[in-house]
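Please keep both in view while reading the points below.

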Amino acid sequence: MAALPDSLETSLLTRLATGTAGVVGTEFLRCLVAELAAALDAELAFVAELCGEGDAVTLASAGKPGVELREGQAFALVGTPCEDAYLHDIFLVPRGARLRYPRDRFLRAHGLDGYLAIALRDARGRPIGHIGVVARQTPFRPAPSELQALRIFAARAAAELERQHQELAILEAADKERLRIGRDLHDGAQQRLVVLGHALDLALRELEADPSRAARLLSAAREQAVTAGRELRELAKGLHPVSLDRGLAHALSTLAGGSPLPVQLDAVPTERLPALVEGTVWFLVSEALSNAIKYAGASELRVAITVDGELLHVRLSDDGRGGACPSRGTGLQGLGVRVETLGGTLSVSSPPAMGTTLTARLRLRP
Ligand SMILES: Nc1ncnc2c1ncn2[C@@H]1O[C@H](COP(=O)(O)OP(=O)(O)O)[C@@H](O)[C@H]1O
Ligand SMILES: [Mg+2]
């Protein structure tokens with residue numbers, strides 16, 4: 001490739017941009033590798049995603065006839081150049097790949113000797129996959145401008161992978177939530193209504209023979225109805241806090257007012273914020289409060305929410321025993337996903353015996 005005139009070399013960027021214009025998702029990855037393989041005259045170009053320890057799975061691939069890496073195919077990284085790709089910014093083996101990686105059966109089977117890869121990293125710099133390009137003809141030496149184009153498109157591919165992860169995480173979080181609601185309904189209100197039905201049946205039967213027993217049964221049924229109503233109300237409140245309709249300040253004072261643990265509202269914006277942001281803050285406070293009640297043995301929860309330009313800072317601290325660990329439950333993890341989906345960050349600080357503080361930073365225009 002080095003022999004190509006400059007205008008053709010720089011055209012890789014244009015070519016990738018044109019070839020992937022207007023496509024998103026996996027189709028974007030497919031177009032990207034198809035253009036890459038063709039432009040670099042490579043036998044194969046592919047995008048793979050890391051999955052588990054030392055394995056990757058092909059998300060998209062394009063190559064010349066006979067050199068095939070199926071989409072969805074998993075492969076082990078050990079002993080392949082793909083393993084080394086994660087140790088470098090850009091990893092290039094211009095020639096002799098088969099000799100250097102004798103355990104790589106794919107290279108051997110197809111007589112491939114040139115290899116180029118770039119690791120894909122998420123927003124925090126953690127590796128999530130790589131783009132690989134494999135060539136038969138050597139030396140395989142793409143021009144600096146081509147590597148630069150590859151870098152730019154690797155960043156886009158990484159963003160695409162991350163978006164897919166986030167969508168999956170949201171789906172999973174939503175499924176978990178549905179499961180929890182289903183279980184709550186089943187164990188709570190549904191059981192009460194069954195008991196209530198029985199009590200009414202019995203009362204009906206006793207109505208003439210033993211009116212006073214019937215009355216007792218009816219009053220028990222009435223209690224069950226009241227409890228079922230209260231449980232449904234609690235559940236509904238957790239799904240969408242009605243009090244939010246009148247703004248965050250109102251919703252948080254309602255939450256604080258009904259809490260068995262004192263809640264100190266140090267700062268709460270009085271103006272209306274975007275609905276998604278208000279909802280997220282409410283869920284944060286409500287989770288911090290229920291954690292403080294359930295686990296912390298705290299004597300109060302302090303809430304400070306402040307607007308700072310385009311950002312909203314949320315700080316929720318209890319004075320309990322500390323030791324909160326998001327990986328042990330679902331509440332904090334679910335909130336983390338929710339906050340990150342809105343482009344914000346959530347951190348948990350919970351040293352033993354020093355209380356627990358949740359700090360979130362949210363963008364006011366998600
Ligand atoms: N404020 C807190 N003080 C002490 N421990 C906490 C606190 N919050 C959470 N934890 C601990 O961290 C774990 C994870 O919390 P969370 O993600 O909210 O889980 P869950 O969904 O079980 O409430 C809890 O099981 C609990 O052991
Ligand atoms: Mg919790």
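Helices (H or I, at least four residues) and strands (E, at least two) are DSSP runs, numbered from the N terminus. The expected span of a helix is 1.5 Å times one less than its number of residues. The model is predicted: local features need pLDDT of at least 70, side-chain atom pairs count only at pLDDT 80 or more, and totals for chains, interfaces and linings use all residues. Residues are numbered from 1 along each chain as its sequence is written, while chains are lettered from A and ligands numbered from 1 in the order in which they are written.

**Domains**

- The domain assignment of the protein gives domain 1 as residues 6-167 and domain 2 as residues 242-366; such bounds come from an automatic or database domain assignment.
- Between the C-alpha centres of domain 1 and domain 2 there is a distance of 42 Å.
- The C-alpha atoms of Ala21 and Glu287 are likewise separated by 42 Å, and these residues stand 266 apart along the chain.

**Helix H9**

- Helix H9 comprises 22 residues, 275-296, and its first and last C-alpha atoms are 30 Å apart, close to the 32 Å expected at 1.5 Å a residue.
- The buried residues of H9 are Val277, Glu278, Thr280, Val281, Leu284, Val285, Ala288, Leu289, Asn291, Ala292 and Ala296. They lie on the same side of H9 because they cover an arc of only 165° around the axis; the arc is that of the directions from the helix axis to the C-beta atoms.
- A residue is buried if 20 or more other C-beta atoms lie within 10 Å of its own, exposed if 12 or fewer, and partly exposed in between, with C-beta atoms placed from the backbone.
- On the face of H9 turned away from its buried side are the exposed residues Ala275 and Lys294.
- The packing partners of the buried residues of H9 are helix H8 (248-257), strand E7 (263-267), strand E8 (301-308), strand E9 (311-318), helix H10 (331-341) and strand E11 (356-363). Two residues are in contact if their C-beta atoms, placed from the backbone, lie within 7 Å.

**Surroundings of ligand 1**

- Ligand 1 is surrounded by 20 residues, and the closest are Asn291, Ala324, Gly329, Gly331 and Leu332. A residue is near a molecule if its C-beta atom, placed from the backbone, lies within 6 Å of it.
- H9 and H10 each contribute at least two residues to the shell around ligand 1, and the largest share, five residues, comes from H9.
- By residue class, this shell holds seven nonpolar, nine polar and four charged residues. Ala, Val, Leu, Ile, Met, Phe, Trp, Tyr, Cys and Pro count as nonpolar, Asp, Glu, Lys and Arg as charged, and the others, Gly among them, as polar.

- For helix H7 (residues 211-239), the 29 residues should span 42 Å at 1.5 Å a residue, and the end C-alpha atoms are 42 Å apart, which agrees.
- Leu217, Ala221 and Gln224 are the buried residues of H7, and the buried residues of this helix pack against H6.
- Helix H2 has 15 residues and reaches 22 Å from its first C-alpha to its last, close to the 21 Å expected at 1.5 Å a residue.
- In H2, the buried residues are Phe28, Leu29, Leu32, Val33, Glu35, Leu36, Ala37 and Ala39.

**Loops and backbone features**

- Asp41 occupies the loop between helix H2 (25-39) and strand E1 (44-50). Its phi is positive, about 50°, although Asp41 is not a glycine, and Asp41 counts as partly exposed because it has 14 C-beta neighbours inside 10 Å.
- Ala353, in the loop between strand E10 (345-349) and E11, also has a positive phi, near 65°, in a residue other than glycine. Ala353 is exposed, because 8 other C-beta atoms lie within 10 Å.
- Thr138 and Pro139 are joined by a cis peptide bond, with omega about -5°; Pro139 lies in the loop between E6 and H6.
- Ala143 is in the loop between strand E6 (127-135) and helix H6 (144-209). With 18 C-beta neighbours inside 10 Å, Ala143 counts as partly exposed.
- Ala21 is placed in the loop between helix H1 (6-19) and H2, and Ala21 is exposed, with 9 other C-beta atoms within 10 Å.
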